[in-house]
Amino acid sequence: MLIKSLSARVISTTSLLVIFSLSLLTYAGLSYFEQEFRRIISTQQSTMVSELAKEIDDKIELAARVIGRAAETTPFTTFEHQAAAAAELDREEELQEVFPAGLFFLNPQGQFLAGRPSPDFLKRKFQAQPLFFRHHKVVGDVYISEVFSLNSLPEPLLLFSAPVHDLQGRVTGYIAGGINLLHKDFLGRLPQMTLGQKGYLYLYDDTRRLLIHPDPERIMKQDVPLGANKLFDAALKGFEGTGYTVNSRGLKALASFYQVRNADWILAANYPLEEAYAPIRQGRGFFWGALVLAGAVSLLVVWPLARQLTAPLENLTRQIREIGQGEMGSPPLPLPKIRELRDLAEAFNRLQADLQQKKIRISEQQNFSESLVSSSALPCFVIDAQHQVLLWNRACEELTGVKAAEIIGTRNHGIAFYKTDRPCLADLIIDRDESPYHHYPAWQESKMVENGLQAEGWLPNLNGKKRYLFANAAPIFNRESQLVAVIENIEDLTEARLSHEETAEAFSVLQATFEATADGLVVEDTEGKVLRYNRRALQMWRLEGEEQLIRNKKQLACRVLAQVCDPRSYQERLRQIQENSGGESFDTLEFKDGRVFERYSRPQILNGTVVGRVWSFHDISQRRELENRLQQVQKMEAVGQLAGGVAHDFNNLLTVINGYSALLAESANLDEKEHKIAELVLQAGEKAADLTGQLLAFGRRQLLKPQVLDLNALIRRNEKILRHLLREDMEISLSLASDLGMIKVDPTQLEQILINLVVNARDAMVSGGRLSITTSDVFLDDDFVRRHPGSIGGQYALLKICDQGCGMSVALQERIFEPFFTTKEKGRGTGLGLATVYGIVKQSRGYLRLESEVGKGSCFYVYLPLTEEDLLPADGQEIERVRGSEKVLVVEDEHSVLDLVVTALTDAGFQVTGVTGGSQALEAFNLESGHFDLLLTDMVMPEMNGQQLAFLLGSKNPQMKVLYMSGYGEQHFEEFDQNTRLLVKPFTPDALLSSVREALGSTTRTSGGEGSG
């Protein structure tokens, strides 16, 4: 009866537990429902917003394709005049339907040509700010403007434009189309879309400006401040998805954000949480009511049944406790009449017998464990709670050299390891009041054993050797959780540590080398993902501070393609390298900012398998620039030598032409017409002489007469002349340094430099402007010399002349100093002005530099070396034409020039002996026993030059004067003393006679006078 009653009670109790369990399952189900409901709502909202974002992308891309296709099919002749543009625009009815806000044709400068419709506000916009200056997004060859609005039309507008090219690929114009974002066929339905009753969608750009919003007053405004909506801010940094937020109006909402890729916009949705999760609140109310009711019923049913069931169990527990206080040999428990309790008593009796057997086995296992620890190959020892050694195995004896018999039972185990009285790791577990850091800098708590410690480090002298040990100590507790002992295991890691340190050192050297190289290095895997890079690579690719980009393959590609000159060629080269993954590559990259890189790569091979690729980038920008400049300098030098040589030969001819023309013009045997012809020939010869003078100046072969002078004074002296050279719509501005040093140059040539540069600036300023002339003292350091080949370091006076003209392209700057090269129309320029300036500056040991930019004017920098010499007044005395009777030896290898000189001197009364070379001069000199008053010789002759001849004859007749003739300039006698005289070809008979008279040093006589030679 009792058995039946207990079973019934158990069944009733189980039933109640089942009911309660069902309540718990119901609660779990409701929780799952809430979670799934939130997930579904979030997923649906995210899907809707992402699909709408893709739809917007598709609309933008469609519009871009339409405008791009129209640009491809529009004839390039359409943009030649407005009438053609308007006619072509009338035929684009379908295109006007795609761009309802307007369709426009623009010229290459972005100026308005025609529009349908053509509202004045858009026409003014094009004129005020050309379309190509407002580009901010590119899809293919189509430019997409940023969204804008105008006072007359506050709706958000978007412009699409595409260039139209001619057969040579030049841009002849642009087609532009406008779309109102709120147009019904574009995004007009977006503001009317709702989520529930109060949820809505909106669109904004990366400047925080609202483009589309249900509230028209907020459109095109930046009224969401930073921090007002955290997910709004996160989306601007790249976040996409759905989350909880508080919007700028303080409303808690479920918000979704997705990027519009083709326009840098963000589409967002706000769904108020109060409305979105209303069903969840209703479910919670129902659940809590049911849960309270189930709990009340459970208490009413379970309580009395539990009391009846536990009464006999308490009696059995009391009997078991009494037996447990005795020893294991206590008699077994009596068996109750209740079946379940009887089974429990029988189980307890069996447990007691099993415990007795286990105690015996535990003793055997303890003996086995001690034997196992003692025989372990891992050094190990055990100490008790009083720090006495209980166990010291054989491996520990071998490690420390201390026998177990010497250490067990003592507290000296620390000396065995450290040779000093200091605690081991096991001691520190017992003495928790002492920090392990004082004794073990490299320690940590064990991750495997609670309250255990681990430490490692070098022991300098353990059993006579330096050892690196790893120690692991763990506490041993009794049944009452009291610490009774500590075991410490020791592992000798000396060899592994040495290998690790060698590897770490090698890696550190490798890393330092990787960072120290002057080239940019990048290592990537077979998928093109960057694994490693050095700091130089970041600098070269302009990625400093943006290291995250180099890990993002897509963003990195965008950044790289934006920098190189030819993105398509760059991508094609990468594709070829990827197809040939096992090959090396070498090429050159040119950047939009002028930088040039040498790019080298080779595969990374491990065990015969390609695992990646190593890229090396070497910046050769400076080398390329220096090479180009050196080539230009060499070219100018070669052209200068050619110009000087041509001028020298031409001067010989002009000497004859001008000389005989002058003689004819002075002859009394000619009639008036013949005199006029002779004068015309002489004038033409003099003009030709001026031209050869310019060639000699460019070739740096003309004769200079340098003087110490004040550059500022020369500029002020010529200021009035310079102002007359300019037109009325131009002004000149002088800024002259007050403490400018002295220079030593030919003043006439310096004036020519000044005038040529001013005239060049005048011609460049077609629409007028300001010409500024500045002087200052500058020092050219080593860095300047390195960046400007041909310059020499030192102290210089700088003459800077800047205009506000049209400027010059880079290609034009490379040729601007070449002789006969001019940008002026035919008949207006010889091309020798700047070439002459270049030659004079170089011959004056200076340096000439140009800076120019198209549309912004040009600046010429003339550097002239300073001198320490004092300023001296110039000698203005003129020498009259003279006659004489002295003996003159004339040496000239050009027969026509020799005949002219002999004729002119003979007519003037001189005793002249003319020969054509050095050997003939020696013969004539010896025949006359050296009795010559003057040696008149050409500088450059085939077998013996003039200097050698003068030295040879002068040693025999030191009293003989010397006068040189040359069609070159001073570089052929720059090593002579200051008394050396030179007659520059071409010259007239008057100039010849004056120079001869001056060289002889006798009293000057006019053409009709008499006197001694």
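A salt bridge is counted here when a side-chain nitrogen of Lys or Arg lies within 4 Å of a carboxyl oxygen of Asp or Glu. The structure is a predicted model, in which local features need pLDDT of at least 70 and side-chain atom pairs count only at pLDDT 80 or more, while totals for chains, interfaces and linings use all residues. Residues are numbered from 1 along each chain as its sequence is written, and side-chain values use heavy atoms, with hydrogens and water left out.

By this definition, 27 salt bridges are found in the structure. One of them joins the side chains of E36 and R39, with an N to O distance of 2.7 Å. Both residues belong to helix α1, which covers residues 2–73; helices are DSSP runs of H or I with at least four residues, numbered from the N terminus. Because E36 and R39 are three residues apart in this helix, about one helical turn separates them. How open to the surroundings are the partners? Here, buried means under 20% relative accessible area, exposed means over 50%, and partly exposed is in between (1.4 Å probe, protein chains only). E36 counts as buried at 19% relative accessibility, whereas R39, at 44%, counts as partly exposed.

D185 and K184 form a salt bridge whose closest N and O atoms are 3.4 Å apart, and both residues are exposed. In the salt bridge between D729 and R727, the closest N and O atoms are also 3.4 Å apart. D729 is partly exposed, at 41% relative accessible area, and R727 is partly exposed as well, at 33%. Elsewhere, salt bridges link R218, D223 and R249 in a network.

A cavity is a set of points, on a 1 Å grid over the protein atoms alone, where a 1.4 Å probe fits but cannot get out; its lining residues have an atom within 4 Å of a point. Grid points are joined across faces, edges and corners, and a volume is the space filled by probe spheres set on the points. Searching the whole structure gives two cavities of 30 Å³ or more.

The largest cavity has a volume of about 90 Å³. Among its lining residues are R218 and R249, which also take part in the salt-bridge network. The second largest cavity has a volume of about 70 Å³, and its lining includes L52, E55, F186 and M193.

Terms used
Helices (H or I, at least four residues) and strands (E, at least two) are DSSP runs, numbered from the N terminus. On a 1 Å grid over the protein atoms alone, a cavity is a set of points where a 1.4 Å probe fits but cannot get out, and a pocket is an open set with protein on both sides within 12 Å along at least five of seven lines; lining residues have an atom within 4 Å of a point.
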